[in-house]
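Have a look at the sequence and the model first.

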Amino acid sequence: MALNVKTLKTRSLTAVVFVVVMLVGLLWNHWSFFILFSIIHFGCWTEFQKLVGLIDPDYTTITPFHKYGVKLAGWCIMLYFTNDRFQLFGIPLHEIGWFLGLLFIFILPIIELLFAREIKPKNIGYSAIGLLYISLSWGLMMDLRTSFIPPDKENILLSLDNWGKVIPCGLIFSIWINDTMAYIVGSLIGKTPFSSISPKKTWEGTVGGAILCVVVIALLGYFIPPANGYFVIHWIAIAAIAAVVGTAGDLAESKLKRMANVKDSGHIMPGHGGFLDRFDSLLLAIPFVWLYIQLALK
């Protein structure tokens, strides 16, 4: 895969803006984190529904209540995974998410029965997949942000809220480093196709990106506070999961786009496509990293 300078320039300029927006949302405070991923959540849902509609036109016949109700029901999953620091008029978002989620569970089927011209289980199945693929992943990301994950070392003083930023940032940086290094290595020396699903991917780029991702994250996790509050083996594991599962997530979304016969899931970011194009790797990596954290760090 030859290095395309013009494409690299476009991607780089867009990436700068993207990184600034992401860092502000990630690091400012817990509300900026929640707002950032709420926007991403709805953006991913919009593109997912568009892609599914292109793959199976029957999905475009769902009622507006189904279309928008399932997005809000998914957002309730995010609300559920917040903690007591998130409150609206003194009511924790966690409780709002729980009660609204139950409400949607009862109301959505009733509205569907009353207003849908024809009940098609496959359309319900498509939306259920979206809840697992998109909403659950972002909900687990909120859990990583709001749950205190005890550090391995006690000599690093940091507030509980700031500790909550460390793992999510480490995971996101792992995805970024893996994607960037895979693109650069593949552009420079890539020759062997990795998958027919994504013809531009090469074995050289994929393996090189994964190795460099693990090395860079391990170095950052060893030397840079507060990341070095956790043993470096955990950062190696997180980076490896991000590289391997993230690549699988990228291929899964590429397969979805190929079935829909589109190049990009959206066009919000020139050179990077849409929300799903940008967050496909992260969406699949989050549940696996979350599971690792529950088993190894809690």
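## Burial and surface

Of the 298 residues in the protein chain of this predicted model, 48% are buried. The chain exposes about 15,000 Å², and 73% of that area comes from carbon and sulfur atoms.

## Overall fold

Nine helices and two strands make up the list of elements in the protein chain. Their order along the sequence is α-α-α-β-β-α-α-α-α-α-α. With a radius of gyration of 20 Å, close to the 19 Å that the globule rule gives for 298 residues, the chain is as compact as a globular protein of that length.

Along the principal axes, the C-alpha atoms fill a box of roughly 60 × 50 × 30 Å. If you count contacts between residues at least 6 apart in sequence, 74% of them join residues at least 24 apart.

## The nonpolar core

Which residues have the most contacts inside the largest nonpolar core? They are M22, F37 and W138, in a core of 61 residues. Several helices give two or more residues to this core, among them α1 (5–27), α2 (30–55), α5 (121–146) and α9 (275–296). The biggest contribution is from α2, with ten residues.

Beyond its neighbours within four places in sequence, M22 is in contact with L36, F37, I40, I172, W176 and F279.

Notes:
Residues are numbered from 1 along each chain as its sequence is written. This is a predicted model: local features need pLDDT of at least 70, side-chain atom pairs count only at pLDDT 80 or more; totals for chains, interfaces and linings use all residues. Side-chain values use heavy atoms; hydrogens and water are left out. Helices (H or I, at least four residues) and strands (E, at least two) are DSSP runs, numbered from the N terminus. The radius of gyration is taken over C-alpha atoms; the globule rule is 2.2 Å times the number of residues to the power 0.38. Buried means under 20% relative accessible area, exposed over 50%, partly exposed in between (1.4 Å probe, protein chains only). Contact means heavy atoms within 4.5 Å. Accessible areas come from the Shrake-Rupley method with a 1.4 Å probe; for residues, only the protein chains shown count as cover. A nonpolar core is a set of buried Ala, Val, Leu, Ile, Met, Phe, Trp, Tyr and Cys residues joined through side-chain atoms within 4.5 Å.
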